[in-house]
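The sequence and the model are shown first.

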Amino acid sequence: MGALELGSPRAAGSLARPFPPTTSRLLTVQDVRRRTLAKALQPHKAVMRSAQDLNDASTALGRSLHRHTATLPTTIPRRELEEYFRAQEIISHYPPQYKKAAVIPLLDLGQRQNKGWTSISVMNYVAKLLEMPPMRVYEVATFYTMFNREPIGEHFVQVCTTTPCMLRGAYDILDTVCTELGGIKPGDTTKDGKFTVIEVECQGACSNAPMLVVGDDFYEDLTPETTKKVLQAFSKGEKPKPGPQSGRHTSENSAGLTALASKPYGPGEHCTPEFS
Ligand code: FES
């Protein structure tokens, strides 16, 4: 879509009234959308949490854009609105003077919206939203390894190779993953852009070692065979069931009940009337 010159006859009818011309620069569609969003949200300054709030704002937005806007979008996509409100909701968890404390959750949100990686645009946007120097945001994003500074594949596979997993065969799992994905190396992305593999430190699931993570899900108690099955399912567009792949329930003892198997003796069970 093109840009509208402020002061032009077309702009005079549709745009000049809601947005008085303050400059002669070209007004892009993006500018219009940004200003209209800000205007529509004025009555919704309070934190918007419910779907009703969202609908109200969306309706207000639709109304304000409706006049003489044949060449402009009549509404901002619902998804964009939802994401904006989610960011505002996160910010509302912190006192206004400390809103920069929301930098990590907002970077995470931005990364999720940006196909899994934190680009410079994501960092700059977060800096703007939190009114903090961009450099402070870069410092955070480059310190934490969970922010990916390069584009990643559709499925982000992280194989844990820290000691407990290593002792339980993590390197066999890593080799299996790399071989199964066409001989790539940790840090690489497959040619079709479907998988990126990296080696990571402990993910906190040591009792189910060895394990790997795909996206947000843990696949545990792996063997080379079950690892292949998990990857094949993702290749086919399926979502394998996360959790232990050995059949055991969560991290229960795989040998069955071996402790506290007999009836407890007192004091304890019989020391208070309600237990006798
Ligand atoms: S060592 Fe792999 S999850 Fe802890």
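In this predicted model, strand β6 and strand β7 (residues 243-244) are paired in the parallel sense, and two bridges hold the pairing. Within this pairing, Glu 220 stands opposite Pro 244 in β7. Between the two strands comes helix α10 (residues 224-235), and β6, α10 and β7 together make a left-handed β-α-β unit.

On the β5 side the pairing sense of β6 is antiparallel: three bridges join strand β5 (residues 212-214) to β6 (residues 217-220). Leu 212 is found opposite Tyr 219 in β6. β5 and β6 form a hairpin with two residues between them, and in the turn Gly 215 has a positive phi of about 65°. As background, strands of a sheet pair through backbone hydrogen bonds, either parallel or antiparallel.

These strands belong to an open sheet of five strands with mixed pairing, in the order β4-β3-β5-β6-β7. Which strands stand at the edges? They are β4 (195-200) and β7; each has a single partner strand, so one side of each is left without a neighbour in the sheet. Helix α9 (residues 170-180) packs on this sheet and touches β3 (155-160), β4 and β5. The direction of α9 makes about 155° with that of β3.

| Helix pair | Angle | Axis distance |
|---|---|---|
| α4 (residues 78-91) and α5 (residues 103-113) | about 165° | 10 Å apart |
| α5 and α7 | roughly 70° | within 11 Å |

The angle between α5 and α7 is roughly 70°, which makes α5 roughly perpendicular to α7. In this contact Val 103, Ile 104 and Leu 107 in α5 meet Val 137, Val 140 and Ala 141 in α7.

For α4 and α5 the angle is about 165°, and the two helices are therefore roughly antiparallel to each other. Their crossing is right-handed. From α4, the residues Glu 83, Arg 86, Ala 87 and Ile 90 take part, and they meet Pro 105, Leu 106, Leu 109 and Gln 113 in α5.

Is Arg 149 buried or partly exposed? Arg 149 counts as partly exposed, because it has 13 C-beta neighbours inside 10 Å, whereas a buried residue needs 20 or more. Leaving aside neighbours within four places in sequence, Arg 149 is in contact with Trp 117, Thr 118 and Thr 142. Ser 119 lies 30 residues from Arg 149 in sequence, and the C-alpha atoms of the two are 6.3 Å apart in space.

For the protein as a whole, the secondary structure comes to 10 helices and seven strands. Of its 276 residues, 20% count as buried. Taking contacts between residues at least 6 apart in sequence, 51% join residues at least 24 apart.

Conventions. Residues are numbered from 1 along each chain as its sequence is written. This is a predicted model: local features need pLDDT of at least 70, side-chain atom pairs count only at pLDDT 80 or more; totals for chains, interfaces and linings use all residues. Helices (H or I, at least four residues) and strands (E, at least two) are DSSP runs, numbered from the N terminus. A residue is buried if 20 or more other C-beta atoms lie within 10 Å of its own, exposed if 12 or fewer, and partly exposed in between; C-beta atoms are placed from the backbone. Two residues are in contact if their C-beta atoms, placed from the backbone, lie within 7 Å. Two strands pair if DSSP finds at least two bridges between them. A crossover is right-handed if, with the strands pointing away from the viewer, the path from the first strand over the helix to the second runs clockwise. Axes are lines fitted to C-alpha atoms, for helices over the stretch in contact, and angles run from 0 to 180 degrees between N-to-C directions. Angles under 35 degrees count as roughly parallel, over 145 as roughly antiparallel, 65 to 115 as roughly perpendicular and the rest as oblique. A crossing is left-handed if the near helix is turned anticlockwise from the far one by less than a right angle, and right-handed if clockwise.
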